[in-house]
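I opened the model today to look up a few things. My notes follow in the order I checked them.

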Amino acid sequence: MKRRLLLLMPLAIFLLLLVFFYDGLKLDPSLVSSPLIGKPAPQFALTELYDPSVTISNADMKGEVWLLNVWASWCVSCRAEHPVLVDLARQRVVPVYGLNYKDQREDAIGWLKAFGNPYVSSLHDLDGRVGMDYGVYGVPETYVIDRQGIIRYKQIGPVTAKVLNENILPLVQQLKEERPS
Amino acid sequence: MKPRQKRMAFLALGLVGLAVITALVLNALRGNMVFFYSPSEALANITLVEHKFRLGGLVEDGSLVRESDGLTVRFIVTDLTKSIPVVYTGILPDLFREGQGVVAQGTLGLDGAFHADEVLAKHDETYMPPEVAEGLERAKSARGATSDQPGI
Amino acid sequence: MIPEIGHFALIMALVMAMVQGTIPLVGAATGVTPWMRLARPVAQGQFLFIVIAFVCLVYSFLMHDFSVLYVAMHSNSALPWYYRIAAVWGGHEGSMLLWMLMLSGWTFAVSMFSRNLPDEMVSRVISVLGLITIGFLLFVLLTSNPFTRLLPAAPDGQDLNPLLQDVGLILHPPLLYMGYVGFSVVFAFAIASLLGGRLDAAWARWSRPWTTTAWIFLTLGIALGSWWAYYELGWGGWWFWDSVENASFMPWLVGTALIHSLAVTEKRGVFRSWTVLLAILAFSLSLLGTFLVRSGVLTSVHAFATDPQRGLFVLGLLVVVVGSSLLLFALRAPRVKSEGSFAGASRETLLLVNNVLLVVAMATVLLGTLYPLLADALGFPKPSVGAPYFELLFVPLMTPLVFLIGLAPFARWKKADLPAMAVRLRWAFGCAVAVALLLPLVLGKWTPMIALGLLLASWVIVTIVYALVQRARRARELGTAPFAGTTRSYWGMQLAHFGIAIFIIGVTMVKGFEVERDLRMDTGDTFNVSGYDFRFDGVAEHSGPNYAAMRGRVQVLRDGREVVTMHPEKRVYSARGMPMTEAAIDTTLFRDLYVSLGEPVDNGAWSVRIYYKPFVSWIWGGCVLMALGGVLTVSDRRYRIAVKQRIKGESPAPAQPGAVALAAESHS
């Protein structure tokens with residue numbers, strides 16, 4: 001009997017370790033819950049990608065539910081999520097603004113020309129300062145911002161059809177129904 | 001020796017061995033754990049002065065200064081809330097850049113500067129050390145709150 | 001089209017694996033021979049499909065098919081062809097496919113080289129491997145498909161991470177995975193034996209060559225990884241106790257313990273349940289390593305882009321594979337009774353101590369690696385556990401182990417005469433002590449660590465020489481040719497142990513005598529490091545196929561005579577704009593000179609890092625010798641003799657417990 005207990009030891013130790021591993025998975029950087037959620041979106045005033053004479057700031061989106069998508073022409077994962085965004089733009093459910101992160105204007109414009117432009121407008125963040133305020137870990141990232149300018153959701157990594165349909169669109173629907181105060 | 005005695009002898013030896021190993025492990029762990037702090041946390045924690053720890057955050061833009069000996073560098077590590085100046089003598093890693101994540105290991109001196117003996121930058125363009133990411137997030141969430149001191 | 005074929009081949013392989021993992025197993029349980037016989041052809045078919053999938057991916061890389069997302073992320077039109085092949089395993093999806101290729105390759109090898117094993121055993125082993133294959137193929141297909149399309153295609157790729165653009169990386173992952181995954185075979189043998197209730201000497205004998213082969217690959221893989229880190233990361237270190245390195249080192253420690261305990265189980269019939277446990281553990285740690293690397297739960301300089309979904313999947317696999325096998329072990333092992341008995345002082349005991357030390361060493365590495373995770377889960381602040389922790393523990397753990405290396409080959413099975421051994425080995429020990437005391441003085445620096453390192457290394461070498469001399473002498477007494485009765489596995493053991501001595505010398509000399517200087521050098525400046533004059537001749541522009549570089553010229557002189565001209569580089573890879581330091585290294589048998597460029601300071605001056613590293617190549621040389629020792633052992637005649645015996649329908653004869661020392665020694 002004693003021997004049997006001894007032989008169960010490895011299993012017991014393994015099960016104990018499992019608990020920690022499971023817990024450890026939650027430490028994954030892409031799951032770090034952003035404290036920005038529930039906070040006002042950081043202020044910015046950036047030039048428009050196509051027309052540097054136009055400056056866009058948060059105030060322009062006031063009263064609207066909108067998405068902010070951080071992208072760059074050098075980012076391959078952005079290529080992967082791009083068709084999803086183009087589709088979304090076609091449906092006209094919610095305006096998508098692009099934050100063109102640490103990118104050259106010509107490269108970015110060429111990229112949009114080649115793959116389609118889902119953005120109502122793209123903001124040109126050459127030195128990445130606005131991205132820094134938003135706590136961008138890596139490109140792409142996507143934020144859902146409500147009528148009051150509060151960040152309600154943050155997607156780290158590409159937006160997939162699944163993320164869009166299960167997380168983003170229902171939230172957008174709900175936010176749209178909230179009455180502007 | 002009879003089998004029973006032999007078993008007891010093995011058992012006793014095993015227990016002694018286990019005790020020795022445990023003592024060694026605990027001793028080694030105690031002396032060699034290095035904790036990670038963001039600048040806000042480090043500044044809020046007076047007990048850290050002259051203790052070795054890891055400081056992580058972003059290298060502030062335009063803060064990198066090289067001294068005339070060519071080897072000593074000074075830069076500022078920030079979590080966008082608080083900042084700490086860092087002094088390091090040696091060659092910086094390839095991916096060290098202003099505006100990027102960095103982890104420095106060393107001690108916070110009484111002069112208010114962090115004296116690093118090791119500087120780690122991220123390993124890949126698309127990768128930020130998770131600790132830095134977490135530290136930045138913690139600093140952000142602590143901007144309103146005041147009592148966010150980690151224990152040791 | 002080609003990527004779709006690859007994807008389809010993966011699906012076909014999954015179908016094959018499903019058959020492979022179930023039908024032969026059921027056949028073995030119910031005694032239906034045709035079902036059991038299905039194992040081999042299905043496993044071979046499965047291998048074929050994985051090969052097709054792999055070739056499709058290689059083809060996509062070679063043809064610059066940037067419509068494949070994975071290719072676009074890890075290749076570039078300027079990347080030379082050999083790095084395009086290495087790029088296949090330069091990222092997550094491809095390295096998982098390589099993992100699969102290895103697993104299925106090992107299964108294929110089992111199906112080929114098991115002609116003489118009982119059907120029941122083979123079918124169970126192949127089925128267990130099939131079950132593991134199902135798990136990993138699902139992982140690849142559901143979370144990490146390398147064939148995912150990127151439409152429209154990218155005009156050019158992101159390029160392979162410059163750190164990985166290196167000959168060491170072409171070989172390191174395949175070797176490492178061969179080792180990691182190779183333990184799956186031993187694992188499958190153990191599970192099959194638990195299922196069939198036959199944990200006997202035959203099982204141990206079948207497992208031994210597979211274990212050693214996997215261990216050889218793992219040893220080489222780890223050594224190559226360490227060498228790569230040494231010359232490519234530009235820090236001059238050869239081991240960082242980084243969590244990814246630890247993930248490969250833990251299975252190695254357990255694999256080493258397993259090699260030794262299998263010897264005892266085969267010869268003496270004892271430690272059976274322990275040996276089975278080690279076999280399960282070795283593969284479990286390989287899976288754990290995969291989990292740690294792929295899930296990103298630990299911070300590491302290697303950190304691959306992480307994905308929680310993948311982590312969860314691998315964790316699930318870990319639960320199923322390890323959990324079920326440990327449960328099976330807990331249920332079945334109580335029936336296994338050890339047969340032989342042995343005295344407190346005997347080779348069995350010494351090998352048991354060896355096993356305990358290796359497993360404890362593994363446990364301390366595991367603890368150090370996982371501690372940040374544990375602390376975080378328990379709500380403590382998350383620390384990082386640095387290299388000093390491991391170094392502090394490895395010295396006291398490895399010292400007795402290395403001492404045993406000299407001692408155990410002289411101990412008899414069953415009952416050893418310790419006083420007689422002490423008398424026989426007193427001169428050997430005296431020699432080792434003398435070397436340890438005097439040699440550091442000759443070298444000019446005496447510290448306890450240097451002395452200890454040299455003591456251990458010379459102890460191992462002297463005892464090996466003594467053992468060989470004794471053998472030759474005894475052969476003369478018997479009137480036979482010297483070493484006539486010495487088997488390859490005996491030579492293999494001694495060679496591997498000799499490799500450890502070489503390794504220890506390398507580590508001791510590097511730790512004790514290395515010199516590191518960070519300097520600011522103007523053109524024409526000369527600095528003396530360890531007797532070598534390094535003259536900096538400035539930096540010129542230089543360009544490679546996919547990078548631009550600043551190339552330094554450093555002339556090294558000794559006593560006014562030119563030794564070598566070194567060209568350290570600072571490269572910027574165009575596709576990612578990523579800078580890379582390419583160190584210049586001059587290697588000779590007894591020292592490495594290592595020069596790397598820091599940054600430009602002013603007026604053509606640069607910060608330059610110069611290292612003098614004595615005996616550093618002995619570290620990897622020692623590992624290569626260990627691996628060669630393994631090769632000798634695997635090629636031993638007795639595995640082939642055993643095969644012939646079984647062809648004749650005889651079961652292999654168990655070793656005679658009371659065999660003379662000579663015979664006993666020759667088979668360890």
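Domain bounds here come from an automatic or database domain assignment. I note that the model is predicted.

Entry on chain C, domains. I looked up how chain C is divided. I found domain 1 at residues 1–165 and domain 2 at residues 515–617. I then checked how far apart they sit. The C-alpha centres of domain 1 and domain 2 of chain C are 42 Å apart. Next I asked how many residues of each domain are in contact with the other. Eight residues of domain 1 of chain C contact eight residues of domain 2 of chain C. I sorted the domain 1 side of chain C by class: five nonpolar residues, two polar and one charged touch domain 2 of chain C.

Entry on chain C, helix α7. I picked helix α7 of chain C, residues 119–143.

Entry on chain A. I counted the elements: five helices and seven strands. I read their order along the sequence of chain A as α-β-β-β-α-β-α-β-α-β-β-α. I looked up burial for chain A too. Of its 181 residues, 39% are buried. Last, I checked contacts in chain A with a separation of 6 or more. Residues 24 or more positions apart account for 73% of them.

How values were computed:
Residues numbered from 1 in each chain as written. Chains lettered and ligands numbered in written order. Predicted model: local features only at pLDDT ≥ 70, side-chain atom pairs only at ≥ 80, totals over all residues. Helix = DSSP H or I, 4+ residues; strand = E, 2+ residues; numbered from the N terminus. Expected span 1.5 Å × (residues − 1). Buried ≥ 20, exposed ≤ 12 C-beta atoms within 10 Å, placed from the backbone. Contact = placed C-beta atoms within 7 Å. Nonpolar A, V, L, I, M, F, W, Y, C, P; charged D, E, K, R; others polar.
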